[in-house]
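Dear colleague,

Please find below the structure that I am handing over to you. My notes on what was found in it follow directly after.

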Amino acid sequence: MSEKQKVSGPGADQQQRTVQPAIDVFEDAGGITLLADMPGVPRDHLEIKVEGDTLLIEGGVQRFTPEGLEAVYAEVQVPRYRRSFTLSRELDTARIEANLKDGVLSLHIPKQAHAQPRRIAVSAG
Amino acid sequence: MYESILHHPNSLFGQFERLRRELDDVFGISGLPSNIRSVAQGTVPAINVGRTPGSVEIYAFAPGLDASKIDVTLDRGVLRIAGERVSAIPADDPKVQVYTRERGYGSFTRAISLSEDIDPSQIQANYRDGVLHVSIARRESPQPKRINVQ
């Protein structure tokens, strides 16, 4: 799984600024697990798309601004997360499991059944 | 007429201004005073502070915590938020191959000094979607006083 470089000109940048969420990616015999930090994103503002071999995760932070709120100090200004990845063929995109809890998205992408590791017997002689 | 050059969004000046702002975002070189408790960008959790006429609202972007283990204290006008995040990557498993490890783990503390008009007896905190929201009421400010001129 390799990551796609985001190409955006200054114009595109102004229209919709997004940040890449911090992620962890690890693999075991069953497949690949991806964890992404997306604090402030409720379930209905989250979008996960697979197109061909591209996986896109995108989520908007829910605006929680009480009446008359005036910003005093802000470290986070971008209300949208976006990151995309290139998957490889042995991954089964039809069986991706996604779970969003406390602002952490966890995705499990299983391997195709035939791509599970197999021990190949070597016969001597 | 000269002013219009400065205000045209795509003029040379506009582009310089944008570049300056971008450099400022990245390097913080504007020279404006920063809060003594401010931290480097990328520190977890990031904090936003806002104010309404009746309250001070603090939002800490801290995903993946156990709500019962977040420690919020208010002492002499300084709000402290402490917590710990445990790694979700299985440790010491030879079959697990880790490709990317960007999410921070471990314990953290952040402190924010608040204005003097807050009421420490009226404080509420809730944790939702990975954001800790602390709301503290402000005391009613005294009515403006009219001074008679003799």
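**Confidence and conventions**

Chain B has an average pLDDT of 78, and 68% of its residues score at least 70; pLDDT is the predictor's confidence in each residue, from 0 to 100. Over residues 1–11 of chain B the pLDDT is below 50, and this stretch has five contacts in the model beyond near neighbours in sequence. Two residues are in contact if their C-beta atoms, placed from the backbone, lie within 7 Å. For the complex, the predictor gives an ipTM of 0.75 and a pTM of 0.72.

This is a predicted model, in which local features need pLDDT of at least 70 and side-chain atom pairs count only at pLDDT 80 or more, while totals for chains, interfaces and linings use all residues. Residues are numbered from 1 along each chain as its sequence is written, and chains are lettered from A and ligands numbered from 1 in the order in which they are written.

**The contact between the chains**

Chain A and chain B each bring 29 residues to the contact. On the side of chain A that touches chain B, strand S2 (23–28), strand S3 (31–37) and strand S6 (70–74) of chain A each supply at least two residues. Strands are DSSP runs (E, at least two residues), numbered from the N terminus. S2(A) gives the most to this side, with six residues. By class, the side has 18 nonpolar residues, three polar and eight charged; Ala, Val, Leu, Ile, Met, Phe, Trp, Tyr, Cys and Pro count as nonpolar, Asp, Glu, Lys and Arg as charged, and the others, Gly among them, as polar.

S6(A) pairs with strand S1 (residues 46–52) of chain B in the antiparallel sense, over four bridges. Two strands pair if DSSP finds at least two bridges between them. Here A:Ala71 has B:Gly50 in S1(B) as its bridge partner. B:Gly50 counts as buried because it has 20 C-beta neighbours inside 10 Å. A residue is buried if 20 or more other C-beta atoms lie within 10 Å of its own, exposed if 12 or fewer, and partly exposed in between, with C-beta atoms placed from the backbone. Leaving aside residues up to four places away in sequence, B:Gly50 touches A:Leu69, A:Glu70, A:Ala71, A:Val72 and B:Glu57.

Five strands form an open, antiparallel sheet in the order S8(A)-S9(A)-S3(A)-S2(A)-S5(B). Strand S8 (97–101) of chain A and strand S5 (97–101) of chain B stand at the edges, each with a single partner strand, so one side of each is left without a neighbour in the sheet.

S2(A) and S3(A) run antiparallel and are joined by six bridges, and a hairpin connects them through two residues. A:Val25 stands opposite A:Leu34 in S3(A). S3(A) also pairs with S9(A) in the antiparallel sense, over seven bridges, where A:Thr33 stands opposite A:His108. Seven of the seven residues of S3(A) are buried, so this strand is largely enclosed by the rest of the structure.

**The nonpolar cores**

The largest nonpolar core has 19 residues, and A:Ile23, A:Leu34 and A:Ala36 are among those with the most contacts inside it. Such a core is a set of buried Ala, Val, Leu, Ile, Met, Phe, Trp, Tyr and Cys residues joined through C-beta atoms within 7 Å. A second, separate core of 18 residues includes B:Tyr59, B:Phe61, B:Ile112 and B:Tyr127.

With kind regards
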